[in-house]
Amino acid sequence: QVHLVESGGGLVQPGGSLRLSCAASGNTVSFHAMAWFRQGPGKERDFVGAIRWSGGSYGTTYLADSVKGRFSISRDRANRAVYLQIDNLQVEDTAVYYCAAGRPIRSTLETVGGYVYWGQGTQVTVSS
């Protein structure tokens with residue numbers, strides 16, 4: 001079993017920054033990738049970014065086109081954690097941000113269905 005816990009969300013003014021953290025516990029050797037998704041009010045859960053956790057592509061990062069330039073993803077494998085750095089926050093970034101882990105292949109890396117394990121989410125609200 002795997003347990004994911006997100007932290008770092010909050011209320012931020014436009015232009016501000018946040019660093020979201022996801023701590024993993026349990027059988028983390030089963031992961032191929034960890035990812036961040038977000039779900040805004042009344043919207044579907046969308047891919048934000050992912051990072052390969054094992055294998056030949058270890059450490060490779062992927063970001064949704066909509067967040068490139070403002071978001072970055074990193075990991076601390078020793079501490080079984082993945083981070084999402086968000087800069088220049090915009091009102092449209094308001095969402096619940098979810099951490100996910102699983103064994104996605106490249107074609108499913110950016111899909112909800114590519115991941116088995118999910119955290120409970122952390123709320124990010126961008127407002128002046």
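Predicted model: local features only at pLDDT ≥ 70, side-chain atom pairs only at ≥ 80, totals over all residues.
Start with charge. Side chains of opposite charge can pair when their charged atoms come close. The structure holds 4 such salt bridges. Take Asp93 and Arg38. Their closest N and O atoms are 2.9 Å apart. That falls within the 4 Å limit, so the pair counts as a salt bridge. Now find the two residues along the chain. Asp93 sits in the loop between β8 (81-86) and β9 (95-102), while Arg38 belongs to strand β4 (residues 33-39). They are 55 residues apart, so this pair links distant parts of the chain.

Are these two partners buried or exposed? Asp93 has 0% relative accessibility, so it counts as buried. Arg38 has a relative accessible area of 15%. The cut-off for buried is under 20%, so Arg38 is buried as well.

Two further salt bridges can be located. Lys68 pairs with Asp65, with 3.0 Å between the closest N and O atoms. Asp65 has 64% relative accessibility, and because exposed means over 50%, Asp65 counts as exposed. Arg106 pairs with Glu110, and here the closest N and O atoms are 3.5 Å apart. Arg106 is partly exposed at 45% relative accessibility. Glu110 is also partly exposed, with a relative accessible area of 36%. Some salt bridges share partners: Arg38, Arg70 and Asp93 are joined this way into one network.

Next, look at an arginine without such a partner. Arg52 lies in strand β5 (residues 45-52). Arg52 is buried, yet has no salt bridge. Why does Arg52 have no salt bridge? The nearest side chain of opposite charge is Glu110, 9.5 Å away. A salt bridge needs the atoms within 4 Å, so Glu110 does not qualify as a partner for Arg52. What does the side chain of Arg52 reach instead? It reaches the backbone oxygen of Pro104, at 3.0 Å.

Now turn to the cysteines. A search of the whole structure finds 1 disulfide. It joins Cys22 to Cys99, with 2.0 Å from S to S. The torsion about this S-S bond is about -80°, so the disulfide is left-handed. Cys22 is in strand β3 (residues 18-26) and Cys99 is in strand β9. The two are 77 residues apart, and the pair links distant parts of the chain. Both Cys22 and Cys99 are buried.

Finish with the rings. The structure has 6 aromatic pairs. In one of them, the ring centres of Phe31 and Tyr117 lie 6.3 Å apart. Their planes meet at 45°, so the pair is tilted. Phe31 is in the loop between β3 and β4, whereas Tyr117 is in strand β10 (residues 117-118). Here 86 residues separate the partners, and distant parts of the chain are linked again. Phe31 is buried, at 0% relative accessibility. Tyr117 is partly exposed, with a relative accessible area of 22%. Other rings gather as a group: ring pairs link Phe37, Phe47, Tyr115 and Trp118 into a cluster.

Conventions
Residues numbered from 1 in each chain as written. Heavy atoms only, no water. Helix = DSSP H or I, 4+ residues; strand = E, 2+ residues; numbered from the N terminus. Buried < 20%, exposed > 50% of the residue type's maximum accessible area, 1.4 Å probe, protein only. Disulfide = S-S within 2.5 Å. Lys, Arg positive; Asp, Glu negative; His and termini not counted. Polar contact = N/O pair within 3.5 Å; in protein donor to acceptor, adjacent residues only side chain to side chain. Phe/Tyr/Trp six-rings, centres within 6.5 Å; stacked < 30°, edge-to-face > 60°.
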